[in-house]
Amino acid sequence: SSGINAEWPLRPGDEVYPEPKLHPSDPLQKALDRVVVEKQSQMMKYLYPIFAKVPGRVVTNEEKVEHFKNLVEHLKTFEVELASRGTTYLGGDEPCMADYMIWPYFERIEALPILLGELGQSFVLSSN
């Protein structure tokens with residue numbers, strides 16, 4: 001089950017707490033944000049083999065580095081999305097629910113250098 005299915009139908013959201021606005025008023029933008037969240041949730045297919053033990057096999061350090069390279073390539077799609085919006089966050093100048101839904105993936109990426117010791121130094125994102 002995706003994060004979209006878990007979050008969007010259950011939210012008390014903007015009706016109960018109108019400020020700051022967590023969801024776009026425009027239904028099309030809301031749907032586009034859901035697509036972005038779903039696409040970014042695919043980061044786990046790259047992160048999981050780096051963090052977790054894969055049942056029935058050992059993931060080599062070389063494979064972990066390759067997964068990280070693929071993750072970095074995947075992140076470029078997010079950069080393109082932000083550039084197309086011309087904003088810092090999916091929500092504009094302030095984060096919206098879509099930003100909060102994908103934030104945990106970025107936290108995991110930032111933890112890689114800390115959790116994986118010497119190998120973790122291979123998992124530092126460049127600033128460009």
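Which helix gives the largest share of the lining of the largest pocket? That share, seven residues, comes from H6.

## Ground rules

This is a predicted model, where local features need pLDDT of at least 70 and side-chain atom pairs pLDDT 80 or more, while totals for chains, interfaces and linings use all residues. Numbering runs from 1 along each chain as its sequence is written, and side-chain values use heavy atoms, without hydrogens and water.

## The largest pocket

The largest pocket has a volume of about 620 Å³. A pocket here is an open set of points on a 1 Å grid over the protein atoms alone, where a 1.4 Å probe fits, with protein on both sides within 12 Å along at least five of seven lines; lining residues have an atom within 4 Å of a point. Volume is the space filled by probe spheres set on the points, which are joined across faces, edges and corners.

Of the 20 lining residues, Leu75, Phe78, Glu79, Phe106 and Leu125 lie nearest the centre. Helices H5 (61-85) and H6 (97-115) each supply at least two lining residues; helices are DSSP runs (H or I, at least four residues) numbered from the N terminus.

## H3 against H5

The axes of H3 (residues 27-41) and H5 come within 10 Å and cross at roughly 160°; axes are lines fitted to C-alpha atoms over the stretch in contact, with angles from 0 to 180 degrees between N-to-C directions. The two helices are therefore roughly antiparallel (angles over 145 degrees).

On the H3 side, Gln29, Leu32, Asp33, Val36, Lys39 and Gln40 meet His74, Thr77, Phe78, Glu81 and Arg85 of H5, with contact meaning heavy atoms within 4.5 Å.

Conventions:
Angles under 35 degrees count as roughly parallel, over 145 as roughly antiparallel, 65 to 115 as roughly perpendicular and the rest as oblique.
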